[in-house]
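Subject: Structure handover

Hello,

Below is the structure that I am passing on to you. My notes on it follow.

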Amino acid sequence: MTASQPLPQIPGTYPFDGELARRGYALNKMCFSFNSANNRAEFLRDEEAYMDKYGLTEPQAAAIRAKNVLQLLDAGGNAYYLAKFAGIFGLDMQDIGAQQTGMSKEQFKAMLVAAGQ
Amino acid sequence: MATLIGGLGTSHVPAIGGAIHKGLQQEAYWKPFFDGYPPVQRWLAEKKPDVVVILYNDHGLNFFLDKMPTFAVGAAEVYNNADEGWGIPTLPPFKGNVDLSWHIINHLVDKEFDITTCQEMLVDHACTMPLKLFWPEGACPVTMVPICINTVQFPLPKPERVYALGRAVGEAIASWDSDQKVAVIASGGLSHQLEGERAGFLNKEFDLQFMESLVSNPEWATQFSNHELVEKTGSQGIELLMWLAMRASLAVGSTPGVRKVHSHYHIPISNTAAGLIALEKF
């Protein structure tokens, strides 16, 4: 198999490849900027102006407004950079996991614990 | 020549840094994780490495998608941690070992690894957290050489390529003209997946098989493609590539065997299957 042939789909899994990296560049660049406390504060002061500054596409901006992780992924977001966005709102990985899987946070945490049994 | 004493593998999760900072090691959630570390700490206290080579993956602190090296080797006198945006405390600077950095760089390029060299490099929790887990008290007693392997943007380097890199790092350490003792640390994994409808995926059976393979059959994981490893271990479980490179670094010299000093496995820490292993080279 050559690299240009599509790999078999892994359900519910989206390896962050060149296609996603291209689609998500502006979104990920904005999220990368959230390493800086000043930038996080600037975003919170005026989210729309901050998104304009980074040139987010409309689907990216809509996904940011909705804080919808699956939409953010579809818009090319990478998990590591999106985590910096989630951190602004104090969301942890179980909040994010619960949202993506349609579970409550308690159900999601119970699923993790069960995997260790 | 320098002495390569062995290798260590540990998971990294940002929340661990918060737990250390808040002193939560004995709390019910954290105790089963932190209880894995004292035997390894004692082994390190006995062996007293002077330098560690740390194989890790950056999570968007030093590297962004504008420039994403597949393999990057640090060559700095000092490595600074910095705000990663998710609220964990920033750690004091760590001392580099520039002599070993350049010896490794020269050897890797000679072996046809087209690496990126970094005389300035911010190091994130993946690089710094193992040092706090292995040496929890006081100042860090070792200097370091960080080696970052891209697991952010696919295509990632193939498992057999990562294994070959690890071997070359081991050769470089073994041929370093120094009386210092060196350990190799892998930071990453084991199974976990942060994103998508499959978020929360864990695979205990595979993880335990992988950890066992490191003792007896170090090239076992190279039979899989990265795509297969993502399927078996989750999108971020692919960080086990660090462990593969660490083990490969020990498979050099006339006595390429290892003795397992200690291993530990606990699910979950955050969304991650937390693994720990210490291997002594003999």
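In this predicted model, 39 residues of chain A are in contact with 32 residues of chain B. On the chain A side, the elements that give two or more residues to the contact are helices H2 (25–33), H6 (69–74), H7 (79–88), H8 (93–101) and H9 (105–115). Sorted by class, that side of chain A consists of 25 nonpolar, twelve polar and two charged residues.

Chain A

Chain A has nine helices and zero strands, and its pattern along the sequence is α-α-α-α-α-α-α-α-α. Its C-alpha atoms fill a box of roughly 45 × 40 × 20 Å along the principal axes. Of the 117 residues in chain A, 38% are buried. Among the contacts in chain A that join residues at least 6 apart in sequence, 59% are between residues at least 24 apart.

From H8(A), the residues A:Gln94, A:Asp95, A:Gly97, A:Ala98 and A:Thr101 meet A:Lys105, A:Phe108 and A:Lys109 of H9(A). By class, this contact has two nonpolar, three polar and three charged residues.

Nonpolar cores

The largest nonpolar core has 89 residues, of which B:Leu55, B:Ile147, B:Leu240, B:Met242 and B:Ala245 touch the most other members. Helix H9 (residues 240–250) of chain B gives the most to this core, nine residues. Leaving aside residues up to four places away in sequence, B:Ala245 touches B:Leu55, B:Ile149, B:Val162, B:Tyr163, B:Leu165, B:Gly166 and B:Ala186. Apart from this core lies another one of 33 residues, and A:Phe34, A:Ala61, A:Met93 and B:Trp86 are among them.

One of the residues touched by B:Ala245 is B:Gly166, which sits in helix H6 of chain B. B:Gly166 counts as buried because it has 30 C-beta neighbours inside 10 Å. With residues up to four places away again left out, B:Gly166 touches B:Leu244, B:Ala245, B:Met246, B:Arg247, B:Ala248 and B:Ser249.

Helices of chain B

H6 of chain B (residues 159–174) also meets H4 of chain B (residues 98–110): the two axes come within 9 Å and cross at roughly 130°. H4(B) is therefore oblique to H6(B), and the crossing is right-handed. The contact is made by B:His103, B:Ile104, B:His107 and B:Leu108 in H4(B) with B:Ala168, B:Val169, B:Glu171 and B:Ala172 in H6(B). Its residues divide into five nonpolar, two polar and one charged.

In helix H1 (residues 14–22) of chain B, the buried residues are B:Pro14, B:Ala15, B:Ile16 and B:Gly17. They pack against helix H5 (125–134) and strand S9 (258–269) of chain B. B:Gly23 follows H1(B) and has a positive phi, near 70°.

In helix H8 (residues 226–233) of chain B, B:Leu229, B:Val230, B:Glu231, B:Lys232 and B:Thr233 are buried. Their cover includes H6, helix H7 (204–216) and H9 of chain B. Just after H8(B) comes B:Gly234, with a positive phi of about 95°.

Backbone points to check

Most residues other than glycine have a negative phi, and most peptide bonds are trans. Chain B has some exceptions.

- The peptide bond from B:Phe154 to B:Pro155 is cis, with omega near 5°; B:Pro155 lies in the loop between strand S7 (143–149) and H6 of chain B.
- The peptide bond from B:Gly189 to B:Leu190 is also cis, with omega near -10°; B:Leu190 lies in the loop between strand S8 (181–187) and H7 of chain B.
- B:Lys48 has a positive phi, near 50°, and is in the loop between helix H3 (38–47) and strand S2 (51–56) of chain B. B:Lys48 counts as exposed, because it has 11 C-beta neighbours inside 10 Å.
- B:Glu112 has a positive phi of about 70° and is in the loop between H4 and strand S6 (116–118) of chain B. B:Glu112 is exposed, with 8 other C-beta atoms within 10 Å.

Regards

Technical notes:
Residues numbered from 1 in each chain as written. Chains lettered and ligands numbered in written order. Predicted model: local features only at pLDDT ≥ 70, side-chain atom pairs only at ≥ 80, totals over all residues. Buried ≥ 20, exposed ≤ 12 C-beta atoms within 10 Å, placed from the backbone. Helix = DSSP H or I, 4+ residues; strand = E, 2+ residues; numbered from the N terminus. Contact = placed C-beta atoms within 7 Å. Core = buried A, V, L, I, M, F, W, Y, C linked by C-beta atoms within 7 Å. Nonpolar A, V, L, I, M, F, W, Y, C, P; charged D, E, K, R; others polar. Axes fitted to C-alpha atoms, helices over the stretch in contact; angles between N-to-C directions. Parallel < 35°, antiparallel > 145°, perpendicular 65-115°, else oblique. Left-handed = near helix turned anticlockwise from the far one by under 90°.
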